[in-house]
Amino acid sequence: MIPFLDLKKINEPYETVFQEKLKLVLDNGWYILGKEVETFEKAFAEYCQTQYCVGVGNGFDALVLIFKGYIQLGKLQKGDEVIVPANTYIASILAILQAELVPVLVEPKLETYNINPDLIREKITSKTKAILVVHLYGQLAEMDKITEIAIENDLIIVEDAAQSHGAKTNFNNLKFQIPGFNDRKNDNLKSKINNLKSATACSFYPGKNLGCLGDGGAITTNDSELAKVLFSLRNYGSEKKYFNEYIGVNSRLDELQAAFLNAKLPNLDADNDKRRIVAKRYLSEIKNDKIMLPFWDFSTNHVFHLFVIRTSKRDHLQAYLAQNNIQTVIHYPVPPHKQKAFSEWNSLSYPITEKIHDEVLSLPMSPVLTEDEISFIVDVLNQY
């Protein structure tokens with residue numbers, strides 16, 4: 001059987017260093033917010049080219065705390081609307097609700113599975129205050145267009161990067177893509193870009209491109225005000241022990257998990273490159289009219305957390321692959337607006353989202369897939 005994701009094989013090369021990290025943490029005798037967390041926060045901020053990284057308990061908490069942080073700063077208020085992709089994993093929407101904000105669903109593009117920027121504007125109302133961008137399956141959304149919309153409407157951008165660790169874009173050159181930016185008279189636009197409020201939530205769940213051996217998460221941002229609040233919110237709202245400025249929570253990146261992440265972070269780019277090699281083979285060698293392959297421009301904007309195909313006979317294809325000892329997973333079988341938990345949305349229609357959820361199937365994808373395994377998967381798919 002070719003497993004969908006072989007976590008044991010992925011983590012095997014780190015066994016010795018993990019044991020060393022465990023001993024180091026034990027010997028230090030400091031198990032909460034110690035040197036390993038401090039080291040990881042600094043290293044991950046540098047990796048992401050941001051000023052701040054706040055380690056938290058998991059990716060969901062990262063999203064919730066970002067929203068609560070902005071509420072604490074007065075940038076958001078309970079009841080404000082947040083635009084979010086209709087086809088995202090439910091955690092993105094739950095985080096908005098947990099912060100007592102209102103999710104507004106927007107359809108994705110069928111080609112990329114990411115939110116369609118052209119549909120965002122029509123959903124903006126006087127209550128809209130933020131856009132939650134989800135970089136689904138490892139591919140970055142169209143941040144140039146989304147950022148222009150945010151600037152025009154004075155919206156906060158929050159990014160859910162749980163599946164896109166290490167994806168890179170020309171976002172740093174955004175100023176050259178906005179008409180008038182280089183016009184010296186347009187200082188107001190320059191100021192808006194430089195002061196754009198934004199933060200990114202990351203998950204280090206074991207199956208992620210950068211995964212620990214349990215739950216873990218982080219928030220990255222260049223917003224110094226937000227970072228200050230977040231460091232307190234994650235620790236009971238306390239900056240100094242027993243003195244609480246805010247009504248916070250207990251959501252701190254575990255010291256041992258941070259130690260494991262410190263061991264794995266230096267290899268993240270190399271692992272992502274290996275994922276892209278697998279993706280290139282799938283894209284160039286799978287030739288079957290019954291199977292729709294994902295869009296990719298072959299840039300570094302995709303790290304292929306998942307390699308997702310579509311077919312009108314998804315269940316039949318999945319059963320066929322299982323019979324041939326190839327394990328696959330459906331991400332995700334039921335769209336959020338059709339979930340029982342959101343019964344008030346069940347009558348709504350999001351046809352592109354529904355089509356995606358009815359047809360998608362995730363193939364094995366990891367940096368430890370062998371050439372022979374990839375060839376076998378391709379051959380079986382081509383014979384379908």
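Author: Start with one residue and its contacts. This is a predicted model. In it, Leu132 touches Leu63, Phe67, Val82, Ile83, Val84, Pro85, Ser92, Ile96, Val158, Glu159 and Asp160, leaving out residues up to four places away in sequence.

Reader: Where does Leu132 lie?

Author: Leu132 sits in strand E4, residues 128-134. Leu132 and Val82 are 50 residues apart in sequence, yet their C-alpha atoms are 6.6 Å apart in space.

Reader: Is Leu132 buried or exposed?

Author: Buried counts as under 20% relative accessible area. Leu132 has 0% relative accessibility, so it counts as buried.

Reader: How do I read a nonpolar core?

Author: In soluble globular proteins, nonpolar side chains tend to be buried together. Now the case here. The largest nonpolar core has 44 residues, and Phe67, Leu76, Leu101, Leu132, Tyr137 and Ile219 touch the most other members. Several elements give two or more residues to this core, including strand E1 (52-56), strand E2 (81-85), helix H5 (90-98) and helix H9 (224-233). Helix H4 gives the most, with 8 residues.

Reader: Which residues does Tyr137 contact, leaving aside neighbours within four places in sequence?

Author: Its contacts include Tyr113, Gln163, His302, Phe304 and Val360.

Reader: What about charged side chains?

Author: Side chains of opposite charge can pair when their charged atoms come close. The whole structure has 15 salt bridges. Glu152 pairs with Arg121, with the closest N and O atoms 2.9 Å apart. Glu152 is in helix H7 (residues 143-153) and Arg121 is in the loop between helix H6 (117-120) and E4, so the pair ties together parts 31 residues apart in sequence. Arg121 is partly exposed, at 43% relative accessible area.

Reader: Which residue does Arg310 pair with?

Author: Arg310 forms a salt bridge with Glu359, and their closest N and O atoms are 2.6 Å apart. This pair links distant parts of the chain: Arg310 is in strand E10 (residues 307-310) and Glu359 is in helix H13 (residues 351-359), 49 residues apart. Both Arg310 and Glu359 are buried. For Glu359 the relative accessible area is 10%.

Reader: How are Lys355 and Glu359 placed in helix H13?

Author: They are 4 residues apart in helix H13, so about one helical turn separates them. Lys355 counts as partly exposed, at 35% relative accessibility. Elsewhere, a network of salt bridges links Lys109, Glu142 and Lys145.

Reader: Now the whole chain. How many helices and strands does it have?

Author: There are 14 helices and 11 strands. The radius of gyration is 21 Å, close to the 21 Å that the globule rule gives for 384 residues, so the chain is as compact as a globular protein of that length. Of the 384 residues, 53% count as buried. For contacts with a separation of 6 or more, 71% come from residues 24 or more positions apart.

Terms used: Residues are numbered from 1 along each chain as its sequence is written. This is a predicted model: local features need pLDDT of at least 70, side-chain atom pairs count only at pLDDT 80 or more; totals for chains, interfaces and linings use all residues. Side-chain values use heavy atoms; hydrogens and water are left out. The radius of gyration is taken over C-alpha atoms; the globule rule is 2.2 Å times the number of residues to the power 0.38. Buried means under 20% relative accessible area, exposed over 50%, partly exposed in between (1.4 Å probe, protein chains only). Contact means heavy atoms within 4.5 Å. A nonpolar core is a set of buried Ala, Val, Leu, Ile, Met, Phe, Trp, Tyr and Cys residues joined through side-chain atoms within 4.5 Å. A salt bridge is a side-chain nitrogen of Lys or Arg within 4 Å of a carboxyl oxygen of Asp or Glu.
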